[in-house]
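Please read them with the structure open.

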Amino acid sequence: ILSIGLSPAQISRIISIVPNIFVAPSMISRLQIYLSLLGTFDVLHSALKRAPYLLGQKLEVFKPNMALLLQCGLTASDLALFSKLLTSKPERVKEIVACAEKLGVAPNTGTFKGALWAVYCVGHDSIGAKMDLLKATLGCSEAELALAVRRAPQILRMSEGKLSRALKFLKVDVGLNLQYILLRPPVLGYSMERRLIPRHYFINILKAKGLAKENIDFYSAVCMSEKNFFQKFIDAHRETIPGLADAYASACAGKIPHYIKM
């Protein structure tokens, strides 16, 4: 393996994933080819971590899959995340790509990557049934669901139970209407325990104490990075409300405090 330009440390990392590489000379030759195709060792290593059997895959399977995914706008780094697709039968990968396109998600967009993964996880032959289930769970029209899926194809991977719980919380506790949610479908995919519930709880605390505007857009607050949310809603008021930062940390760990001292 040293002859293909890998360092001893890199070789050790490969062996930890594919311990039988030395007993299969064909794997070493494929390792060199995959390294040249994927571009960097880190991308190759990431791909092998997700699909250790990649080195056992024939090039006539790998190459057409890689070419098709690159045509769809995926980068070499993306291919590491889709290494399981790279090892699938080319016919199946074509069906997955076609199914993602039928969802109305355009190739060469960031959303298309989510659509590909959703179709792969659900199964291209099960997407129709999953769409029917989502429509019934959300209580929306086919057109509304199609728009939501185009904007956030990851909702296809959500279980009925998780989707129902998120929908109930957003409608009942937060007070959002269905149209608002469907126009911002990524909100359904956030963790209730680590993001939706804590942020809703603490925004309400600040509103009750007159420290936040009543018309705060919930989706905007949810989409903020943890760092930005903490700076704007928690850190800015930690002196006004003693214990706010610690209480927020507890809430994000699943322990909503019953009361916070002024």
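1. Helices (H or I, at least four residues) and strands (E, at least two) are DSSP runs, numbered from the N terminus. On that basis serine 88 sits in the loop between helix H6 (83–86) and helix H7 (90–102). The model is predicted: local features need pLDDT of at least 70, side-chain atom pairs count only at pLDDT 80 or more, and totals for chains, interfaces and linings use all residues. Residues are numbered from 1 along each chain as its sequence is written, and side-chain values use heavy atoms, with hydrogens and water left out.

2. Is serine 88 buried or exposed? Serine 88 is buried, at a relative accessible area of 9%; buried means under 20%, exposed over 50%, and partly exposed in between (1.4 Å probe, protein chains only). Leaving aside residues up to four places away in sequence, serine 88 touches Val61, Asn65, Val93 and Tyr120, where contact means heavy atoms within 4.5 Å.

3. Asparagine 108 is also a loop residue, between H7 and H8. Asparagine 108 counts as exposed, at 53% relative accessibility. Its phi is near 65 degrees, a positive value in a residue other than glycine. Most residues other than glycine have a negative phi.

4. For the chain overall, the secondary structure comes to 16 helices and zero strands. The radius of gyration is 23 Å, whereas a compact globule of 262 residues would have one near 18 Å (taken over C-alpha atoms; the globule rule is 2.2 Å times the number of residues to the power 0.38). The C-alpha trace spans about 70 × 45 × 25 Å along its principal axes. Of the 262 residues, 44% count as buried. Among contacts between residues at least 6 apart in sequence, 62% join residues at least 24 apart.

5. The largest nonpolar core has 74 residues. Such a core is a set of buried Ala, Val, Leu, Ile, Met, Phe, Trp, Tyr and Cys residues joined through side-chain atoms within 4.5 Å. Those with the most contacts inside this core are Leu31, Leu69, Leu116, Leu170, Val187, Leu188 and Phe218. Helix H8 (residues 110–122) gives the largest share, six residues. A second, separate core has 16 residues, including Phe202 and Tyr248.

6. How many aromatic pairs are there? The count comes to eight; rings of Phe, Tyr and Trp (its six-membered ring) pair if their centres lie within 6.5 Å, with planes under 30 degrees apart counted as stacked, over 60 as edge-to-face and the rest as tilted. One of them joins phenylalanine 202 and tyrosine 248, edge-to-face, at 5.4 Å centre to centre and 85 degrees between the planes. Phenylalanine 202 is in helix H13 (residues 192–208) and tyrosine 248 in helix H16 (residues 244–252), so this pair ties together parts 46 residues apart in sequence. Phenylalanine 202 and tyrosine 248 are buried.

7. The pair of phenylalanine 229 and phenylalanine 233 is tilted, because the ring centres are 4.8 Å apart and the planes at 35 degrees. These two residues lie in helix H15 (residues 226–234), four residues apart, about one turn of the helix, and both are buried. Ring pairs link Tyr201, Phe202, Phe229, Phe230, Phe233 and Tyr248 into a cluster.

8. Arginine 184 lies over the face of tyrosine 180, at 3.8 Å from the ring centre. The rule here is that NZ of Lys or CZ of Arg is within 6 Å of the ring centre and within 35 degrees of the ring normal.
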